[in-house]
Amino acid sequence: MARYFLHLRDSVDEVLDPDGSEFQDIEAVRLAVMRNARDTIAGDVRNGIVDFRYRIDAENEAGQVVYSLPFKHAVNIVPERL
């Protein structure tokens, strides 16, 4: 198991994960990032906001970004039919 840190970032601000979490492999990291992004988006939707400027960067213990997910890639937008 390896420790990864899931940081919430946009072009100006960031919320750093100080403790990190242990994951079995990179696929488990990707699933956790997707789940966290969707949970954050869902919380924002309850407040009437969807902000696609954010992303979650997963960093290994060496500080290298091993996976990055922009919020716009965490959901599928289905446009209204006219």
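Q: Why does Phe71 count as buried in this predicted model?
A: The relative accessibility of Phe71 is 1%. Buried means under 20%, so Phe71 counts as buried.

Q: Why is the pair of Tyr54 and Phe71 called tilted?
A: The ring centres of Tyr54 and Phe71 are 6.2 Å apart, and the planes stand at 40°. Rings pair if their centres lie within 6.5 Å; planes under 30 degrees apart count as stacked, over 60 as edge-to-face and the rest as tilted. The pair is therefore tilted.

Q: What makes this pair a tie between parts of the chain?
A: Tyr54 lies in the loop between H1 and E4, whereas Phe71 is in the segment after E5. The parts tied together are 17 residues apart in sequence.

Q: Why is Tyr54 called partly exposed?
A: Tyr54 has a relative accessible area of 21%.

Q: Why does Val45 count as partly exposed?
A: Val45, in helix H1, has 45% relative accessibility. Exposed would need over 50%, so Val45 counts as partly exposed. With Val50, Phe52 and Ile77, Val45 forms a nonpolar surface patch of about 360 Å² of accessible area together.

Q: How many aromatic pairs does the rule give?
A: The count is 2. In one of them, Tyr4 and Phe23 have ring centres 6.2 Å apart and planes at 55°, so this pair is tilted. Tyr4 in strand E1 and Phe23 in strand E3 are 19 residues apart.

Q: How do you know that Tyr4 is buried?
A: Its relative accessible area is 12%, and buried means under 20%.

Notes: Residues numbered from 1 in each chain as written. Predicted model: local features only at pLDDT ≥ 70, side-chain atom pairs only at ≥ 80, totals over all residues. Heavy atoms only, no water. Patch = residues over 30% accessible without salt bridge, like charges linked within 9 Å, V, L, I, M, F, W, Y side chains within 5 Å. Areas by Shrake-Rupley, 256 points an atom, 1.4 Å probe, with all protein chains shown as cover. Salt bridge = Lys/Arg side-chain N within 4 Å of Asp/Glu carboxyl O. Helix = DSSP H or I, 4+ residues; strand = E, 2+ residues; numbered from the N terminus. Buried < 20%, exposed > 50% of the residue type's maximum accessible area, 1.4 Å probe, protein only. Phe/Tyr/Trp six-rings, centres within 6.5 Å; stacked < 30°, edge-to-face > 60°.
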